[in-house]
Amino acid sequence: MNVYSQRIAIFLAAGFAAYMLEAGIIALGDQLLDTGPRLPRLVSFPLAVYFTWQINRKYGFRVVTPPNAAEFLRYVVSMSLGGAINFFGYITLTYADGFF
């Protein structure tokens, strides 16, 4: 497997693991704390972003320098547009729960 294919596989695995992390947090919040599915998303999404940043920098890009705030901020900014679209769709669909 070439380097490009390895990175794609790592990004996919990190994304899937982050999805599972988010789903677990949302399920815990909804089922155990009775918060509904929207409030836990305020916690789950930032944790998933941090998680994917750590996995991608360590295994996808194999960065050896210690992580720093400026690098993380650039990552968060790059994730923001997609995150906003995703969050808006999530909120819309959870409010339309009885519609589908």
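1. Tyrosine 50 and tryptophan 53 are 3 residues apart in helix α2, which places them about one helical turn from each other. Helices here are DSSP runs (H or I, at least four residues), numbered from the N terminus. The model is predicted: local features need pLDDT of at least 70, side-chain atom pairs count only at pLDDT 80 or more, and totals for chains, interfaces and linings use all residues. Residues are numbered from 1 along each chain as its sequence is written, and side-chain values use heavy atoms, without hydrogens and water.

2. Tyrosine 50 is partly exposed at 42% relative accessibility, whereas tryptophan 53 is buried at 5%. Buried means under 20% relative accessible area, exposed over 50%, and partly exposed in between (1.4 Å probe, protein chains only).

3. Tryptophan 53 also forms a tilted aromatic pair with phenylalanine 72, at 4.7 Å centre to centre and 50° between the planes. Because tryptophan 53 lies in helix α2 and phenylalanine 72 in helix α3, this pair ties together parts 19 residues apart in sequence. Phenylalanine 72 is partly exposed, at 25% relative accessible area. Rings of Phe, Tyr and Trp (its six-membered ring) pair if their centres lie within 6.5 Å; planes under 30 degrees apart count as stacked, over 60 as edge-to-face and the rest as tilted.

4. Tyr50, Trp53 and Phe72 make up one aromatic cluster.

5. Two arginines sit over rings: arginine 38 over tyrosine 95, 4.0 Å from the ring centre, and the charged end of arginine 41 over tyrosine 90, 4.6 Å from its centre. The criterion is NZ of Lys or CZ of Arg within 6 Å of the ring centre and within 35 degrees of the ring normal.

Notes: Helix = DSSP H or I, 4+ residues; strand = E, 2+ residues; numbered from the N terminus.
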